[in-house]
Amino acid sequence: MTVAPELTRQSGTEAVRDAIETTAPKSSRADNLRSADPSAYGLPSGREEDWKFSPLSRLEDLLAGQPSDAQLVWQTDLPDGVTLDRVGADDPLLASVPLPVDRPSALAVSQSGGAIVLRVAADTVVDRPAVIRLSGTGQSVHAHLVVDVAAHASATVVIEHTGSATLAEEISVLVGDGARLRLIGLHTWDDDALHAGHVGIRVGRDATIESTHVSLGGAVVRIVETVEYAGPGGDAWLSGLYFAGDDQHLEHRLFVDHSQPRCRSNVMYKGALLGATARTVWVGDVLIRAAAEGTDTYELNRNLILSPGARADSVPNLEIETGQIEGAGHASATGRFDDEQLFYLQARGIDPVQARRLVAQGFFADVIARIGLPEVQERLTTTIDRRLSTADLTFERSSA
């Protein structure tokens, strides 16, 4: 088992000391480029920090950004109080959303000719989830979706991707002052799909975002999620689950930019890898700026290796510019089954293969519980159980 060093929750002074030691050699995330112009980024070479883990050879068509009329098919189930309409590229709303962070998201904005906007009016409490299902088989598909939850509103939004498209996507999320949004992204693509997306979230004063992304399908899925705060008192709960099989590359990158005082963030991502060529990447960056006094942040990533040869990269980063914080820390670990858990189950008469299957099922339980929608939780549990039931989980530690 390879276990990455862990940082437990720390006081402000301890976190500042460790952050200086661990992040001084690298440049600040505060300096990263943000632009809606694809030419500002150019084509990545693989030497860039943001692209060094990505399979660029498999993303050539997506990064080329050729104009295309291809579109995804939209199916919606919208409750009362939620509207969906299209706006042009010159709409004032689009000038106020978070900017793209890389070439695919800039291409998505520039090639979409506008955006689809899902709106929840101020002071509206939506009684059931708003569901958007995006499917298709087109090449060079570009999409821009804006989720605009106005002040003191409360809603749940589910966005699911299916089919075998090559998609560059920008999802802009605005959570107004005092509002609450639960956002669930389900990436259940066909085996040949390519998807690079950016989820740019802005959290208002005393607002809350609970965002969960689940990646189970696709040949290559690369999701970048960023959070910025527009006022003090904001909360961001970011969760994720990914399960990679042979020839799959599933990559999740997060950047939480604490620029306002008394805000909180909590990140928990878990992944499993089944197959010798399975590959996952998780990068979690947190920046606490000098003005963000009273920040409370923590991020955790766990990866379970179910096959010899599979590879998981896990990179947590913490950058702190003020010592006046409540707490900050991160934890990362990658390994195989917990021997104590297996021993406990086998001591009660459960055979080794079934014991491994139960441990793997339980591994995802706390992330799935965060989703908060029983129908989605049951569906994910069933999908994971099905994949585990056909897997060869008999390999021993010495086989690595």
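Which residues lie nearest the centre of the largest cavity? I will start there, and please keep in mind that this is a predicted model. The residues nearest that centre are H161, I171, H187, V199 and H213, and the lining as a whole has 13 residues. The volume of this cavity is about 70 Å³. With a threshold of 30 Å³ or more, the count is three cavities.

Where does the lining come from? Four strands each supply at least two of the residues: β6 (154-163), β7 (166-175), β8 (180-187) and β9 (194-203). The largest share is from β9, with four residues. By class, the lining has seven polar residues, five nonpolar and one charged.

Next, the open space. The largest pocket holds about 600 Å³. Its lining has 28 residues, and N32, E48, E49, D50 and V101 are the ones closest to the centre. Strands that each give at least two residues to this lining are β11 (220-229), β13 (249-258), β15 and β17 (311-320). The pocket lining divides into 11 charged, 11 nonpolar and six polar residues.

β15 brings me to a residue I would like on the screen, R279. R279 sits in that strand, which covers residues 279-288. What does the side chain of R279 make a polar contact with? The partner is the side chain of D313, at 2.6 Å.

As background, nonpolar side chains in soluble globular proteins tend to be buried together. In this model the largest nonpolar core has 60 residues, and the members that touch the most others are V173, L181 and I209. Strand β5, residues 141-149, supplies the largest share of this core, five residues.

Take I209 as one example from that group. Setting aside neighbours within four places in sequence, I209 is in contact with V173 and L181, and also with V175, L183, I201, V203, D235, A236 and W237.

Conventions:
Residues are numbered from 1 along each chain as its sequence is written. This is a predicted model: local features need pLDDT of at least 70, side-chain atom pairs count only at pLDDT 80 or more; totals for chains, interfaces and linings use all residues. Side-chain values use heavy atoms; hydrogens and water are left out. On a 1 Å grid over the protein atoms alone, a cavity is a set of points where a 1.4 Å probe fits but cannot get out, and a pocket is an open set with protein on both sides within 12 Å along at least five of seven lines; lining residues have an atom within 4 Å of a point. Grid points are joined across faces, edges and corners, and a volume is the space filled by probe spheres set on the points. Ala, Val, Leu, Ile, Met, Phe, Trp, Tyr, Cys and Pro count as nonpolar, Asp, Glu, Lys and Arg as charged, and the others, Gly among them, as polar. A polar contact is a pair of N or O atoms within 3.5 Å; within protein, one must be able to donate a hydrogen and the other to accept it, and residues adjacent in sequence count only if both atoms are side-chain atoms. A nonpolar core is a set of buried Ala, Val, Leu, Ile, Met, Phe, Trp, Tyr and Cys residues joined through side-chain atoms within 4.5 Å. Buried means under 20% relative accessible area, exposed over 50%, partly exposed in between (1.4 Å probe, protein chains only). Contact means heavy atoms within 4.5 Å.
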